[in-house]
Every structure is written in C-alpha cells, then in structure tokens.
Amino acid sequence: MPAANEPTTSSALSRGDMPTATSPALSRRGMLTAAGATVLGASAAGTASLSGTASADTADTADTAGFGPVTVRPGDPRYDNLLRGNNFRFAGTPDEIRVVASTGQVVRAVSDAIRSGRRIAVRSGGHCFENLTADPAVRLLLDLSPMDEVGYDARRRAFTVRPGATLGEVYRTLMTGWGVTIPGGGCPEVGAGGHFAGGGYGPLSRRYGSVVDHLYGVEVVVADRDGTARAVVATREPDDPNRDLWWAHTGGGGGNFGVVTRYWLRSPGATGTDPSRLLPPAPRHMLQHVVIWPWEHMPEQALTGLLRNFGTWHERNSAPGSPYAGLYGILQPSHRAGGTVMLVAQIDADLPGAGGMVNDFIAAVTAGVDLTPALDLRRTMPWLHRMTWPGSGEPGDVLVRRYKIKAGYLRRSFTETQLAAVYRHLTNATGGQGSGMLLVGYGGQVRAVEPGATAIAQRDVIMKAVYQTVWADEADDAANLAWVRALYRDVYAGTGGVPVPGDVDDGSYINYPDADLADPAWNTSGVPAHTLYYKDNYPRLQRVKARWDPRNVFRHALSIEPPRAG
C-alpha cells in the first residue's frame, strides 16, 4: 500500500505517490492508483542490471541504449497513443513527443529544445495529478519511460534506479538481487522519476523514513546560461561541489532544475561493500488487517469518531523509535454514494509483537464507535506479492482515468470544525461513487530528520490527508471538480481554504501537486503555494534554481521560481 503512497531539479512530474488500500470487498474506483509504464529498458523486472555506471565525478552520456530516440509528431498513428498521461483530463498538443532511453539522448533532446526555442516538459509514464506536463505551452514532450534499469553500482556502493522504472520493478529487483528495499509507495505502477525527487513515502516510511533519506546521488541533465545542455552528477558527500543539486532532489518535486536520468540509493551510515547491507532489509511477510463498514449504518458520531481516534493514535505513536513505528495505517471513508468506510493496518509480520500491535491499533481507532463491519479480514502474505500486485496499480475501470487530488499534512488530529466539514461533504448530494478521502499514517522515523537536511520541510507531522474524486466521463468534470474543491475549501475554511502551516495543518506535499493552491480563487489565505509546499526551504531551492537552471528552461504551474534580481 502506499503512502498510502516527486524533480526539484528533476524528471517526471507524471509519477507521483498515491495512497491506496486494497481489500477483497472494495471497489478500486474509490482508490485512485496508477496506470503502467512500458518496459523498454535494458533490464526486465526481476533482473538486476550489474553493469557499472559513471565515475564519481562525471555523468554517463554515452549513447549505449538499444532503443530510441523515437520522435513522434502529429499525424503519426502513434501520436494520440502517446499523448495522454495517466490522467485523461489532460492532453497537450506538443509539436513532438520524443521517447528516449539514455542520458545522451536526453542531453540532445534538451539541446534541441533550447536551440529551437521550444518549451520542454518531462514525464516518465506514471501519475499526472495536474496539467504540468500537458500544458498547451509545451512544444516538446520528453518521455523517459524506456529508461527503467535498476541495478547496483559497485564504484559508488549504491543502487541505481532510472526514472522510468516503476516502484514494482524497483522492489522486485532490489529484493530478488539483494534482499533490500526502499520505503517507497505501495502502488507498484508509481514511477521513480517523480516519486523520488518529491520525497517518496509509503508503508515502511514510519520505520525507515522517506525515500530521499536514502538518496545518495542524482544524475541530472541541466541547461547552462549559454544554452548548453549537459549531464551533472551530484551526491550528498559534504565536499561535493554539486551537493546543492542533490539536496534539491530530496523533496523539491519535479520539473524545476533539469531532467533526472539516474538516482543512486544508499542508506546514511551504511558501510562496507556488501550490497545487502546498504539499504533497509525487505520484509519477508506482511500482516494486513482490513475492516470495512457500510455507509448505511454510519452516523456522524461514528465517522467523526473513527477519524478522531485515527488521529489521536498517531499523535501518541509517531515519535522516532516508537514501538509502533513499524505499523502503517490508512483510514479511507468514501462518499456515502461509494458505500464504504475502510480501515487498513499493515506491518512487517516478523516484527516482535506484530499481531498485538495491530490489535491495539484497531481497538484504538474503533474505541467508542458502535459499528458492525461488513468485512473484518486479517491475512499474512509474502511482502513482495503485495507490493508488486498490479491490482493496486490500475485505476479500477479501464475508462476511469479522470481525477482530481488535493492534500494536506497534519501535525495533529483534525479539529472538530474540520471533522464536521468532512462529514458534511461525504454525505451531501453532489458527491459520487469515486469521491472520498484518506487519512494516511506518517511520522515515525520521518520525524528524526531536520527540516533543512532535505528539501522536505514538513518533518514534524503525523499524517497526510488526501481528498480525491475519480470519474469516467468528460461530461462529469465540472461536478467532480466542484465537489472536491468545496470539500477542501471547507476543511481549511479557517485558513483561507488551504492548509496553512500552524498547530494542526502544515502545508501540502509536492508529489500531490494541486494547481489550485496557486489560484487566488481557491487560495484566499495570502500564503503562496510555494510556502505551502516548501515552507522555509523555498529560498534555498530558489538559489539552486538560479545556479542550475539560469534560463528557467524547466518550469510549470507550480515550479520553483528564480529569485528576484536585487
């Protein structure tokens, strides 16, 4: 499950995190997940690429790919097939879609865009919550989906992941080859390209932190002031002159500084040359407990009680080193039209006392709530089976590919006013079957990292709230957008319709990009979107932008803005 579960200077905006929870009795229509990327790279899922990569101070621009580049223009029978991302709400009209498979091909594509004066956008094939890569101004759309290798770089003592690799491919290769993993999202069709750069989180994050807490380095194609495109390697080494470029990729989000063509992963403090000790060990088994209640017997007191209890449990059990840091929970109430409210607990089944911790969690969340579940199921399964099963990576119906996602961080439980707003909108007449929200457990080891150590500023938080609506027909766009926007506005009515950082709320997550936060019609707080996403880290991100993208080649509706002159 994901984070339910991200390019500062990086690649694909179309690959974000997506919180999901799966159970035998629940339609996936209410749980947005991703559609897949085609495996065109050199290594198939489950096969580790063991070839060496670039040396410590240079990038690999040799064009050794066996695929591409492929250029597709309007009129080509492939154009319409490659045009749309996962969210069918959005489709641009680029002059060219260029599908690439190597760093050298990316360098040439960026050079061509600069030389011809064309706006460029980058995607790697995963989620696209907003119109960031399908902006009408984009004339060259760069598709990185063939760049999907996952392997080990002995020279850097770090694992390599290309941006086109899906999380399912990453998990399978890391576990098959070395028995290790990363604390990424639970949807296997999310991709590394955007997920990593925006922070990355998932079922193991309370135990092991964010994905970027294990990010050692990045390879990025940048554009110099004179228009030269080149590949740069940046690492977290204190003496690396490019270290600021690495830092910007530890939560700054995608499409801001360049095109990420490779990530290197190694946990901080990991020593030696044994790859099996350089990232967290992958769990053998996962224990999952799912409880589903029908909406027909869900009074306001019961729903708000579940939401309140879920938050209270996380307030009490989200400190770094908490005995419960290994437990990951999601509470997902659909709109009443969707029919269900679901609670999920997930934990490494081999942790001491795992079953008892799940019992304690379920009891705490349901305390004082008199409800009879329609489903109460506990099962243990191989961890990899759950993390790579495609059933959680599809948007339900093949035609259900239109959605709007909004989000917010929580430092503690919702207020009573916020709870009342949630209930009011989940029971109104305008929501549909695919409408609803999620509370997603966070905190734990994530909170052990200082806000400035990475670009993720929201470290002192315990939950993420996700508000979503998913539908099939273009004719229903206006109604669905109106519903989720009204829900969000009313939950944050006390702070101008957005989650302004304070005692309860703490801004939002860039991997759930929401262009409404930059729209004064929906954000009346006077707090800019960049503060909601980056807080005090934004000025530093601007300085990185000025150094590595001085021409502002890489930009979108929510991008890092260059600092003002003077």
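Author: We'll go through confidence, then a sheet, a hairpin and some salt bridges.

Reader: What should I know about the model before I start?

Author: This is a predicted model, so to speak of a local feature takes a pLDDT of at least 70 and side-chain atom pairs count only at pLDDT 80 or more, while totals for chains, interfaces and linings use all residues. Residues are numbered from 1 along each chain as its sequence is written, and side-chain values use heavy atoms, with hydrogens and water left out.

Reader: What is the mean pLDDT of the protein chain?

Author: pLDDT is the predictor's confidence in each residue, from 0 to 100. Here the chain's mean is 89, and 86% of its residues reach 70 or more. Over residues 18–57, though, the pLDDT is below 50; this stretch has 155 contacts in the model beyond near neighbours in sequence. A contact means heavy atoms within 4.5 Å. Residues 392–397 also stay under 50, with 22 contacts beyond four places in sequence. Where pLDDT is low, the predicted coordinates should not be read in detail.

Reader: What is the strand order in the open sheet of 4 strands?

Author: Some ground rules. Strands (E, at least two residues) and helices (H or I, at least four) are DSSP runs, numbered from the N terminus, and two strands pair if DSSP finds at least two bridges between them. In this sheet the order is β1-β2-β4-β3, with mixed pairing. β1 (70–72) and β3 (120–123) are the edge strands, each with a single partner, so one side of each has no neighbour in the sheet. β1 pairs with β2 (residues 96–99) in the antiparallel sense over 3 bridges. In that pair, V72 stands opposite I97.

Reader: Which way do the residues of strand β5 point?

Author: In a regular strand the side chains alternate between the two faces of the sheet. In β5 (residues 150–153), V150 and Y152 point one way, G151 and D153 the other way, and all are buried. Buried means under 20% relative accessible area, exposed over 50%, and partly exposed in between (1.4 Å probe, protein chains only). β5 and β6 pair in the antiparallel sense over 4 bridges, with D153 partnered by A158 in β6. Their hairpin has 4 residues between the strands, and R157 takes a positive phi near 50°.

Reader: How many salt bridges does the structure hold?

Author: A salt bridge is a side-chain nitrogen of Lys or Arg within 4 Å of a carboxyl oxygen of Asp or Glu. The structure holds 31 of them. In one, the side chains of D95 and R139 meet at 2.8 Å, N to O. D95 sits in the loop between α1 (79–83) and β2, and R139 in the loop between β3 and β4 (140–143), 44 residues apart. D95 is partly exposed at 35% relative accessible area, and R139 is partly exposed too, at 22%.

Reader: Which residues are linked in a network of salt bridges?

Author: That network links R73, E96, R98, D112, R115 and R118.
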